[in-house]
Amino acid sequence: MAQTLLQIEDLHTQFFTSRGVVHAVDGVNLHIDAGEVLGVVGESGCGKTITALSVLRLVPDPGRIVSGRILFRGIDVTKMGDEEIREFRGNDVAMIFQDPMTSLNPVTRIGPQIEEAMTAHNRFTQQQARTRVIDLLKRVRVPGAESRVNDYPHQFSGGMRQRAMIAMGLANEPALLIADEPTTALDVTVQAQIIQLMKQLNRELGTAMMLITHNMALVASLCTRIVVMYAGRIVEEGPVDQIFKNPQHPYTWSLLRSVPRVDEARKDRLVSIRGLPPDLSNPPPGCKFHPRCPFVIDHCKQEEPPLGEVAANQLARCWVLMRTVSEEAIDHARAASLASSEAAQKLKQTIPDAGR
Amino acid sequence: MAVIEGRPRRGALLPWFGALSGTRGGALAIFVGRRILWMIPIVFFVIVITFFLMHQAAGSPWDRTGGRQLSQSVIDNLNAKYGLDKPEWQQFLIYVWDVIHFDFGLSYQYEGKSVTSLLGEGWRYTAVIGGLAFLLIVPVGVGLGVLAALRQNTRVDYATMGFATIAASFPNFVVGVLMVVVLSVTMYKLTGGSFFLPSSDFALDDHLIMPVITLSLLPIAYTARLTRASTLDTIRQDYVRTAWAKGLSERLVVIKHILKNSLIPVVTTLGPTFAFLVTGSVIVETVFNIPGIGRAFVVAVESRDYPMILGTTVLFSVVIAVANLIVDVAYVFIDPRVRLT
Amino acid sequence: MALAQPAVDQPIDWEVAEKQVGLWGDAWQRFRRNRLAVLGGVLVLFLLLVAVLSPLLVHFGLIQDPYHQDVANIEATPGMAGHPLGSDELGRDTLARLMYGSQISLTVGLLVQAIIFPIGLAIGLTAGYAGGRIDNLLMRFTDIWYAFPDLLFVLVVVSVWHPSGSPFFQLLPIFGAIALVNWVGLARLIRGQVLSIKEKEFIEAARSSGSAPIKLVLKHLLPNSLGPIIVTLTFGIPQAIFLEAVLSFLGVGIQPPTPTWGQMVFDGYEAVYANPTSAVFPALAIGCTLLAFSFIGDGLRDALDPRMRR
């Protein structure tokens, strides 16, 4: 009987900029049960990070949670007072961030940074915290933890820094750990190690995790359920294997297309989804994905689809759904996106400075 | 076993050197040592330039305007007494030798008084006022800057930065004069007495407020602006977000995460600030008639008292160089990312 | 500052990437939107007008002759006897002297930059281009030079050279002294620019064929760094005006009867009980002028900020 830890109900978080209101999170509903690992997937700018920051009420200016409820063990986070939310952060729910170099205070040693996470909530005394830090670092497999405790962040390697951040996140044994792109800033071999570590910690400690990423490969190895976001909304959700085998939303399908898979023929080269993410202050009418969708029909341009159940435990927000699309159409779409990505490659070669 | 014949054993010193620079403490000592050694050419340079300039001056220091010219024999005696009859390069070397022994020569203006004693009389005033100004600048400047940054875009922010911008543009003497005009004259008219009037006798405990404020106003403004910019920059950093995410109290986040980082660039400006206080003392002491070294310098310039000019310049330069050294060393302590090699 | 055509009218020249055609037009737009900078600009223009036109105004009797001593009306308070801002201890009209004083201040401020520019350019170019030992040596030299407190140096120089005669001659050592204490910033800036260009040219040179490197450097130096150079020189103006004012205040700048603001502050200060406001006007004039130039400098810096280019 899984206990629901986190329940987000119809969350709307908006940014009030001089150019207009940006609907970063536009009606998101999700839940995380104790011990499970939820993957939140999407391109940059789709609202996944802001959703996570909303849970901890760390949305930066000029953003604000406008409406909705965020229930943690039944208590609404959006209504918590200052002292309550302070207790909540780093304690019940902890978050680790993308770039461990910039996410750690460069002028303070690693040990004290982790210690203060513990002493801030009065769960440990200074002494206890000090010893516990070494244990935590050992648990996240930082070699030479006893002496490493006195190092500064710049003396750690990228992978070790991320481990230290994970240690910091787990210091107070939170029920939920939110990890925002924990491996993006690391190189590939280290990525694998970190994911391994997180898997292990989930097993050993039973910590629930919310893994935010745009990398489908990570999701496959770590998560039990995934949620796909686009333009501030959830467009598909369901158990990992189901989604990977049978994605129903064209966006999910396109994302999976762009992951190199060992079992597929060489001809399916890395393709990217054509077009750019929508302007969230001025989104397209109807389904927000329709301008880039390879299977768009007229209805998509007029009315936004609701999130509907497409299979057991699987929801998708689409009028068309992959299972109704013909093989022809799929091949056509594949060819088209292949062509456009080849064109993009050629273009890249003619402008040598592009990307500099 | 190879025998290296005939080569000088310079290497004997190097391994020790290498080992020393391995530890941070050792590297620090070497760093400080090098910086101290570097001060020598700087001061030497100052002496050379100033000395050279002094000796370009037309006329001799014994020219008296409006009144009887001294007789030639008197002039010759004076020249001999002050060593001015020797060739220039000799005078220079003698001077350098003297300086090393803290002897700056005899003043031309005040018969028989040595420059060193004149400096000794004046330095207390300059030091007290400069010191108080410095003690005022750091908390006020930094405090205002932090306040403005934490309350960005509110009225507090605009008010402090507006004040800072204006204050930063008004030179010392302008501020001083304006202060005197506004305060003294108003007070005078009100009280009928000489309240806060810059009078010729100046005791160390009287009337320090105005000179200190005048001297420190511009550095406060500058420091406030810099602190604000640096703090605003720091607040946006990822590690501050991490600190909030850990559930730390506002006090902890501000002090240990924000300020600890944002004040680092401010420290680097303390050296130039100090230099500014030194040159500012020249002006402020003139405005407020304070018998410190700054005013003595101006008087020396006006009366072409070259030993005094030289001596004061050298003293000021040394003081500034030392202050810069202290600041640089302090910087190494506060920023662990700095590499010493 | 030359204003190029806005980007709309000219095709973007991809070849010479440094020729940012749209830059100046863009920068001007941004500058215009900065109200403080515009205010500063207006004030400076006003001052320039005053400086240039004041002899004419005297000629046409609109303002009094600043050298004329109205003995009957010494230390007049503002408004008395045809002296809108009062008169000094010799009966000379304050307003007129204030207006004439602007000539000295502006001349010093602007001309000093004209001296700094070639010095800084030469040294910066040499250091950056030659690199190695020469660069090291020059940089050490600038470090040492930097250690000399600016005001002290200027005071020492004017104590040595104090020619009498026309204001122009009197100004020469002052120009020289102020320029000598302020060139370091520009030199360092140019050196930095040259170094970064050299780095790029290295890569280019590997591909293309030999145009003499110095020509390439110069060709790319000016368009790229003109912005920061202008900003540096603009910030140098208030520094120069300040130093001149201090010299006049201390009595070692330009000698009377030529009116300068610093001098006027001093005179007003001496007479603070007889005529309290006479020190205020020149003091405010100095302060506001410096403020105006700072605003312009800030505005220019923001407008020309390369980060905002794209």
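Select B:Val177. Beyond its neighbours within four places in sequence, B:Val177 is in contact (C-beta atoms, placed from the backbone, within 7 Å) with B:Val287, C:Val265, C:Tyr269, C:Ala279 and C:Ala283. This is a predicted model: local features need pLDDT of at least 70 and side-chain atom pairs pLDDT 80 or more, while totals for chains, interfaces and linings use all residues. Residues are numbered from 1 along each chain as its sequence is written, with chains lettered from A in the order in which they are written.

Next, the core. B:Val177, C:Val154, C:Ala177, C:Ile178, C:Val246 and C:Val265 touch the most other members of the largest nonpolar core, which has 143 residues. Such a core is a set of buried Ala, Val, Leu, Ile, Met, Phe, Trp, Tyr and Cys residues joined through C-beta atoms within 7 Å; buried means 20 or more other C-beta atoms within 10 Å of a residue's own. Another core, of 97 residues, lies apart from it, and includes A:Ile178, A:Ile226, A:Phe289 and A:Val310.

Now show chains B and C. Here 31 residues of chain C are in contact with 36 residues of chain B. Select helix 5 (150-160) of chain C. Helix 5 gives the largest share of chain C's side, eight residues. That side has 26 nonpolar, four polar and one charged residues.

Last, chains A and B. Their contact takes 24 residues from chain A and 19 from chain B. On chain B, pick helix 9 (238-245) and helix 10 (250-268). Helix 9 gives the most, six residues. Chain B's side has six nonpolar, six polar and seven charged residues.

Helices are DSSP runs (H or I, at least four residues), numbered from the N terminus. Ala, Val, Leu, Ile, Met, Phe, Trp, Tyr, Cys and Pro count as nonpolar, Asp, Glu, Lys and Arg as charged, the others as polar.

Methods: A residue is buried if 20 or more other C-beta atoms lie within 10 Å of its own, exposed if 12 or fewer, and partly exposed in between; C-beta atoms are placed from the backbone. Two residues are in contact if their C-beta atoms, placed from the backbone, lie within 7 Å. Helices (H or I, at least four residues) and strands (E, at least two) are DSSP runs, numbered from the N terminus.
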